[in-house]
Amino acid sequence: MGTRETIRTAVQDVVPPAGLTRALAVQAMVYAVGSGLFHAGSAVFFTRALGLSAAQVGLGLSIAAGVSLLGTVPLGGLTDRYGPQRVWVVGLVLNAALFATYPFVGGFAGFLTVVVALAAVDAAVGVARQVYSINALPPAERVTAMAYQRSSLNVGFGLGAVISGLVLAVDTITAYRGMVWFISTVFLVTALFVRRLPRLPQVARPAEPMSRLAVLRDRPFMAVSVLSGLLTAHGVLYLTVLPLWILTHTDAPKTVIAGLVLLNTVLIVLLQVRVSRGADTAAGAARASRRGGLLIALFCLVLPISGVTRGALTVVVLVAAALLLILAELIESAGTWGLTATLPPADQRGTYVGALGLGVQVQYLIAPAGLTALGVTTGGWGWLPIAAIFVLVGLAIVPAVAWAGRTPRLGAEAAAPAMTPVP
């Protein structure tokens, strides 16, 4: 392959093809500008602009996480009832309205009200966005489209982080208020993007729709949800545990942490689409998830070496470990999208996608504390049981997906709809 062809292929893996796939990627990037801006500047905003203590912020965010956990499945059911596009648009408008109220929040009670409401809305919006992408695209294009969206999300997150840096440099109450109002505007613009996407027909629902919590009785599917959710702990490993390990167990300079975060962002933008190929079937998605789990385990074996090396060799080991974890993230993410696109039934897709996200929410509750305790506070030996856990989870997910594939989904009757474009 010549240089020109190599460049053309690389560009195709970053720039989505014209049509719905590109439209979905554009809205993802716009949305991520606001989301990335807030994630980067929220801690300072809460303490400086709202006058909250660190303990109050932590408690509020923990309560919001609990609401998101409890609401993932029932709020996902809203998509089945009202349609993904409507829920998506309404959710974005509500997001914009809630962010616009932040500067007027007074005290912990007001802060808690807003963050809890945002957590509930985000749970519904996340399911609606995924269900729309699945319903609107042919099966062979769904995982690729989600990969393009994730690549675009990382571009948007980067832009948002840059803007956040400017706000933090100014460091005035007016700047922080302007930040959240800008974010509110970004979400409104995203809502306009989503409203202009092709409209889809409402999927025919069964004569006797099942309870929104009945999906929890689908044991094969819930086994896949838990296993797949545990594999998403690569995010906690990269953004929380790895930096703590570098700070407490290596002689690497602190600037390495920022460099590894940048490396993660760049490689996701460049490689996510290419790595996602082959995960558009349930079996392919299961194999991708297994590879992701085994790569995470390999990362857990390589990283501790950096605790006994010195100087430039430490940095080399850290980069090697980071590359393994990034590759695991790329492959595992594709596996998750493939499972999301193939296992839920068309007539209960919102409920089932919400249930698949339940495993991720469980991971959010246990992974930060558990992985930090084992990986960082043990002095290094704790990486061995962590590696063993991910080997077991990776090996278990393939038979779990096969089990789910042999088992009819609860309430599944309707076939996937065809897309009806906006006139």
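A nonpolar core here is a set of buried Ala, Val, Leu, Ile, Met, Phe, Trp, Tyr and Cys residues joined through side-chain atoms within 4.5 Å. With that in hand, here are some close-ups of this predicted model.

**View A. The largest nonpolar core.** This core has 71 residues. Those with the most contacts inside it are L237, F299, L371, W383 and F390. Helix α12, spanning residues 312–342, gives the most to this core, with 14 residues. Another core lies apart from it and has 42 residues, including L24, L50, L98 and V180.

**View B. The surroundings of L371.** Leaving aside residues up to four places away in sequence, L371 touches A233, V236, L237, V241, I366, V376, I386 and F390. Two of these, L237 and F390, are also listed with L371 among the residues with the most contacts inside the largest core.

**View C. A nonpolar patch on the surface.** L262, V266, L270 and L271 form this patch, and together they have about 320 Å² of accessible area. L271 is found in helix α10, residues 255–275. With a relative accessibility of 30%, L271 counts as partly exposed.

**View D. The aromatic pair of F104 and W181.** The structure holds 16 aromatic pairs. In this one, F104 and W181 are tilted, at 6.1 Å centre to centre with 40 degrees between the planes. F104 lies in the loop between α4 (84–101) and α5 (107–136) and W181 in helix α7 (residues 173–195), so the pair ties together parts 77 residues apart in sequence. F104 is exposed, at 65% relative accessible area, while W181 is partly exposed, at 37%.

**View E. An aromatic cluster.** Look here for Y31, F38, F45, F46, F99, Y102, F108, F111 and F187, which form one cluster.

Definitions and conventions. Residues numbered from 1 in each chain as written. Predicted model: local features only at pLDDT ≥ 70, side-chain atom pairs only at ≥ 80, totals over all residues. Heavy atoms only, no water. Buried < 20%, exposed > 50% of the residue type's maximum accessible area, 1.4 Å probe, protein only. Helix = DSSP H or I, 4+ residues; strand = E, 2+ residues; numbered from the N terminus. Contact = heavy atoms within 4.5 Å. Patch = residues over 30% accessible without salt bridge, like charges linked within 9 Å, V, L, I, M, F, W, Y side chains within 5 Å. Areas by Shrake-Rupley, 256 points an atom, 1.4 Å probe, with all protein chains shown as cover. Salt bridge = Lys/Arg side-chain N within 4 Å of Asp/Glu carboxyl O. Phe/Tyr/Trp six-rings, centres within 6.5 Å; stacked < 30°, edge-to-face > 60°.
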